[in-house]
There are 2 protein chains.
Amino acid sequence: MSKFPSYIQEVDGELWLTEDERDNMKLSYRVKDIIFAEQSPFQHVMILDTYDFGRTLVLDGVVQTTSVDGYIYNEMISHIPMTLHPNPKTVLIIGGGDCGVAKEVTKYDQVEHIDMVEIDKFVVDVSLKYLPEVSGNLSDERVNFIYTDGVKFVQELENKYDVIIIDSSDPVGPAEQLFSEEFYQNLHKALKPDGVMVCQSQSPAFHMDVTKQTYQRINNLFPITSIYTAVVPTYPGGLWSFTLGSKKYEPKNLGEKWQDKSTKYVNQGIVESCFVLPEFMKNNLK
Amino acid sequence: MSKFPSYIQEVDGELWLTEDERDNMKLSYRVKDIIFAEQSPFQHVMILDTYDFGRTLVLDGVVQTTSVDGYIYNEMISHIPMTLHPNPKTVLIIGGGDCGVAKEVTKYDQVEHIDMVEIDKFVVDVSLKYLPEVSGNLSDERVNFIYTDGVKFVQELENKYDVIIIDSSDPVGPAEQLFSEEFYQNLHKALKPDGVMVCQSQSPAFHMDVTKQTYQRINNLFPITSIYTAVVPTYPGGLWSFTLGSKKYEPKNLGEKWQDKSTKYVNQGIVESCFVLPEFMKNNLK
């Protein structure tokens, strides 16, 4: 039996994590140290110290967020809907166990209440303990941690939130239902009449089918639907998409509404230009 | 002795190319077929058929361009300077052996003459033969192929080109001088009084030091210097930077100047917004 977790390989005295979620392209990270590795009731959870990306959260062998570039995803999925809504007081986060999204949302003083619904308490605990660069040692009385299945949580809600952020993992296995039509219908119902939702909608370079399907499903429910992108170096292909559904507010001239939140990726220009899509994406969405 | 080139590994009956140019992060591509593999006088040249990216040009084991995403880099390094200059008649391309940049530049009717200076004729020949998705079977009387060292070629030139495009490989080994101060001085001299140059300036995610140094060197010579980015899935980190030096024209409101060139990545919105940099890049350039 190996002395390392099954997702880690020892090669010529070096430790490597190789993601094998994709059939035909693999990303490998050289590992300095295994900080934590244990099976939760839902998945295999690791915190690795990697050479290029520092401390890294790995679930079932797949990199979720890193100390070095995790802020890009967390800032982009948070600040775009929070800037679009003129007065977000109640916010729901589904997933987001690394606490990075909650950390960004607490930067808004007008926010009164944040429900953070994560199925795996384990992920929250290890992120708070071992991943302060991402979780920011989140400690804010407005954040209400609820450890349950997000799909079930939203079934009976009505007219409750200003902003909903779906920070899910990939649409395989447990997270699959977080991309379903029924789930989006429940989110629509859970939002107030001027509410805004956003979800990550995968890599347009590798999964334009998922990006397109997500866009179409949200577009069937919301009068205003838009896709925006960001570049996340540790996600395969780099380019990542987010889909926004809005009941009232149009994402126009967002740059004018942007207020500095001590961010490292997002700024006025990014907020303004992130909805510009390359030609191949525009063509694929037609 | 293996029956495969040294850069290809056979793992459980599957063929894989693993780039090993980086110490702590690796990208691996599953290979369907080895179309071509030979040592040129300058480097080891392969054309692989890969599962995710189709036919792929590999030099010394490093992916240079692919049939699936090669257009992104080639369009971005070509159309931004070509749109910025109001009347580009003479163009110099240094490097660019896959012919993709020359293909994009020939889309401009006003161009009268293109000097394409590539050190390795081998790369041009195999790209034209085996990589039509990138090279576009380039056959245009305005393109003048010159097989020599680009660094030497520009030493004695003066006041000759409207646009110069440096499509180099990474700044290690033979391409190192293509990032030197002396080289940029010669480019400045080779440009007409309203000339524009652009070079690829590496991944800001992994080599912000190179991006910054390139920016500073060009900024020392040109009154107008700007960085723009694009997302190339097969380049590590996805995010890629280009640095533009301009003697006269400012890259403002480029969207208004953009004219459709049957591109797959570039469009009016991209031309307009590609100069918007994430906050970490802006901070690093200070």
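User: How many bridges join E3(A) to strand E3 of chain B, and do they run parallel or antiparallel?

Analyst: In this predicted model, five bridges join E3(A) to strand E3 (residues 25–39) of chain B, and the two run antiparallel. Strands (E, at least two residues) and helices (H or I, at least four) are DSSP runs numbered from the N terminus, and two strands pair if DSSP finds at least two bridges between them.

User: Which residue of E3(B) does Tyr29(A) stand opposite?

Analyst: Tyr29(A) stands opposite Met25(B).

User: Okay, how many residues does the contact take from each chain?

Analyst: The contact (heavy atoms within 4.5 Å) takes 36 residues from chain A and 36 residues from chain B.

User: And what area do the two chains bury between them?

Analyst: Chain A and chain B bury about 2,800 Å² between them, with 62% of it on carbon and sulfur atoms; buried area is the accessible area (1.4 Å probe) that two parts lose on being put together, summed over both. In chain A, the residues that lose the most area to chain B are Asn24(A), Met25(A) and Asp52(A), together 20% of what that side buries.

User: Which elements of chain A give two or more residues to that side?

Analyst: They are strand E3 (25–39), helix H9 (268–273) and helix H10 (279–285) of chain A, and E3(A) gives the most, with six residues. By class, the side of chain A that touches chain B has 20 nonpolar, eight polar and eight charged residues, where Ala, Val, Leu, Ile, Met, Phe, Trp, Tyr, Cys and Pro count as nonpolar, Asp, Glu, Lys and Arg as charged, and the others, Gly among them, as polar.

User: What is the count of salt bridges between the chains?

Analyst: The count is zero salt bridges between chain A and chain B, a salt bridge being a side-chain nitrogen of Lys or Arg within 4 Å of a carboxyl oxygen of Asp or Glu.

User: Switching topic, in what order do the strands of the open sheet in chain A come?

Analyst: Seven strands form that open sheet in the order E9-E8-E7-E10-E11-E13-E12 (chain A), and the pairing is mixed.

User: Why is one side of E9 and of E12 left without a neighbour there?

Analyst: Strand E9 (143–146) and strand E12 (224–231) of chain A stand at the edges with a single partner strand each, so one side of each has no neighbour in the sheet.

User: Inside that sheet, how many bridges join E11 to E13 of chain A?

Analyst: Five bridges join strand E11 (residues 191–200) of chain A to strand E13 (residues 239–246) of chain A, and these strands run antiparallel. Within E13(A), Leu244(A) is the bridge partner of Val198(A).

User: Last one, which residue of E8(B) is the bridge partner of Leu92(B)?

Analyst: The partner is Asp115(B), and five bridges join strand E7 (residues 90–95) of chain B to strand E8 (residues 113–117) of chain B, which run parallel.

Note on methods: Residues numbered from 1 in each chain as written. Chains lettered and ligands numbered in written order. Predicted model: local features only at pLDDT ≥ 70, side-chain atom pairs only at ≥ 80, totals over all residues. Heavy atoms only, no water.
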